[in-house]
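Work through the exercises below with the structure open beside you. Try each task before reading its solution.

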Amino acid sequence: MTADQTPHAFQVDLRGLVDLLSHHLYSSPKVYLRELLQNGVDAITARRAEQPDAPARVRLHAEGGRLRVEDTGVGLTESDVHDLLATIGRSSKRDGLESARSEFLGQFGIGLLACFVVAEQIRVVSRSARTPDAPPVEWTARDDGSYTVRTLPAQDHPEPGTTVYLTARPGAAEWLAEERVLALAKDFGSLLPYDVRVGDTHVTERPPVWERPHPGQAARRVALARHCHEQFGFTPLDVIDLDVPLAGVRGVGYVLPAAVSPAQRAGHRVHLKGMLLTDRADELLPEWAFFVRCVIDTDSLRPTASRESLYADETLAAVREALGERIRGWLTELAAGDRERLAQFLAVHHLGVKSLARHDAGMLRTMLPWLPFETTDGQLSLEEFARRHRVVHFTRTVEEYRQVAAIASAQGIGVVNGGYTYDADLVELLPTVRPGTAVAELDADTVTAHLDAVDPAEELALSGFLAAARARLDPLGCDVSLRTFHPVTVPALHLDDRAARHERARAEEEEQADELWAGILGSLRGGTPRARLVLNHLNPLVRRISGFTDPELVGTAAEALYGQALLMAQRPLRPADSALLNRAFLGLLQWAAQTADGPAGKPGDAEQEDGR
């Protein structure tokens, strides 16, 4: 048995291919107009490579579901038509003009095929500028995959160039309406290097607004602010010039006037050699620069096959780094010479700058005097706070900060709230840019060490009270101690650092685990301190409670103080904590009621009477 070695050509179903383009490659039918503009601009570029003085015009005329696009480009001969227009995947840019290839917008040879997304028929009439004696040629194609070619009399197309005629397919006439064509042409082609018009309306606006001469800086700012509002819908807080010749990038960055989430995807507008490539290039800038929206024109970046996004390669990475450096430079310039604008910017976007400073020691050093942090001395920069305190203490969570802020401030302990995004990381980096600065994470022992001890005789006299309080809170993993501290109005302070919470979580898991896991978790038991409730012996309420002799009443009072301390610290409550608060409230209410009516009973009696 012999195998058939005869080569066969692929058969292409044009309708199926058009469906593939419209539903999978292109995001919208509007790209047909970009392809038409692109073909016209590339044809002019090709002609000017050989005839530098050749005219450079693209004209679009839309009416009644039909569109006519004329260009003064290089044109085609009959052999070119058969070879290029009717062969899917081939591009005229691949033949004979390699020296000018970098000037072309298209690189994939899909070309007119995209027009079938909106048109049922495409008619192309062209005359070659390279072969002046060749007659004009007409190529007519239909969406069923058929086409015809014929030559025309010279007078039918006397000048070199190409005219494309589109006839809308049913239901797609709106895409060929003059108003829609004008809007799309302005969106895609406003920065193209040649004269493009829809009817009599100019589409191109050269030079770009950021390169135009202006009477002064104020006038330029107004023009750029107007441009930003047209492109993005907001008036910028500031404008950053992004002229980076080595990266082949020209454009501007607009600083958002309001804070946004770092996770929000940015929509940058990227033009490739003047043609809009995408308005959703979220990979153009480093992640930390989420406060900037860009409009750039580039000749160095590579588009994907659909020409609607950027190809993720080394060139894009280099451009992203170059633009990031330019934004860093702008921040440095503000810090050095425009403190008022810097303050306005940081009031809105300090989070972005903190994100950058985590990875850039130079930026941290530059921004150190300006970045705001929440501290026990108020809103301060780390530079100012470090000058005031010998040791810069910080907490890793907002809850930890809230539980100690008032007490620490009264005791003269300087604490930075590191619970906000990036803040703890920056505090820990402080010694690297400010040598000699001592930084320490605040723990329960540090706070307790700054509180004054109670007279030993008084504490001994209250040993019974303390023992009853400890017995009641022991199941919650909390110790009880007695100190004197300010402010006097705070009856109790709940201290619970990360090590204590970790140990408590381990113990809870051990209780619920089976025998095997309980043994494993038990082996992980550490000697870390437990949470503690520090009672303030200067507080009048605590002094009265410490005089109770009934162990049940002392336990209920200890639970109430424990719950109040949790609420004051704005800590999330566990189910056991919520149950404790409810039990303590009902117990004290029952005790108060019985005291008013007669001899006081035990607070636990209320639960017994309810059958609980």
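**Exercise 1. Find the main contributor to a pocket lining.**
Which element gives the most to the lining of the second largest pocket?

Solution. This is a predicted model.
- Step 1: Look at helix H5, which spans residues 217-232. H5 gives the most to this lining, with 5 residues.
- Step 2: H4, H5 and S11 are the elements that give two or more residues to the lining of the second largest pocket.
- Step 3: Take the whole lining. It is made of 19 residues. Ser190, Glu205, His227, Glu230 and Gln231 lie nearest the pocket's centre.
- Step 4: Sort the lining by class. It has 7 nonpolar, 5 polar and 7 charged residues.
- Step 5: Note the volume. The second largest pocket has about 410 Å³.

**Exercise 2. Explain a link between a strand and a helix.**
Why does the pair Arg269 and Asp187 tie together parts that are 82 residues apart in sequence?

Solution. 
- Step 1: Check the bond. The side chains of Arg269 and Asp187 form a salt bridge, at 3.0 Å from N to O.
- Step 2: Arg269 sits in strand S11 (residues 269-272) and Asp187 in helix H4 (residues 178-189), so the pair ties together parts 82 residues apart in sequence.
- Step 3: Arg269 has a relative accessible area of 7%, so it is buried. Asp187 is partly exposed, at 23% relative accessibility.

**Exercise 3. Classify the ends of another salt bridge.**
Is Arg220 buried or exposed?

Solution. 
- Step 1: Recall the cut-off. Buried means under 20% relative accessible area.
- Step 2: Apply it. Arg220 has a relative accessible area of 14%, so Arg220 is buried.
- Step 3: Turn to its partner. Arg220 and Asp241 meet through their side chains in a salt bridge of 2.7 Å, N to O. The link joins distant parts of the chain: Arg220 is in helix H5, Asp241 is in strand S9 (residues 238-241), and they are 21 residues apart.
- Step 4: Classify Asp241. Its relative accessible area is 31%, so Asp241 is partly exposed.

**Exercise 4. Describe a serine in a loop.**
Which residues does Ser546 touch, not counting those up to four places away in sequence?

Solution. 
- Step 1: Locate Ser546. It lies in the loop between helix H17 (540-545) and helix H18 (551-568).
- Step 2: Check burial. Ser546 is buried, with a relative accessible area of 11%.
- Step 3: Follow its side chain. It reaches the backbone oxygen of Arg543 at 2.7 Å.
- Step 4: Name the contacts. Ser546 touches Leu462 and Phe465.

**Exercise 5. Step back to the whole protein.**
How many helices and strands are there in the protein?

Solution. 
- Step 1: Count the elements. The protein has 20 helices and 22 strands.
- Step 2: Consider burial. Of the 612 residues, 48% are buried.
- Step 3: Consider contacts. Among those between residues at least 6 apart in sequence, 66% join residues at least 24 apart.

Conventions. Residues numbered from 1 in each chain as written. Predicted model: local features only at pLDDT ≥ 70, side-chain atom pairs only at ≥ 80, totals over all residues. Heavy atoms only, no water. Salt bridge = Lys/Arg side-chain N within 4 Å of Asp/Glu carboxyl O. Helix = DSSP H or I, 4+ residues; strand = E, 2+ residues; numbered from the N terminus. Buried < 20%, exposed > 50% of the residue type's maximum accessible area, 1.4 Å probe, protein only. 1 Å grid on protein atoms, 1.4 Å probe; cavity = no way out; pocket = protein on both sides within 12 Å on 5 of 7 lines; lining within 4 Å. Points joined across faces, edges and corners; volume = space filled by probe spheres on them. Nonpolar A, V, L, I, M, F, W, Y, C, P; charged D, E, K, R; others polar. Polar contact = N/O pair within 3.5 Å; in protein donor to acceptor, adjacent residues only side chain to side chain. Contact = heavy atoms within 4.5 Å.
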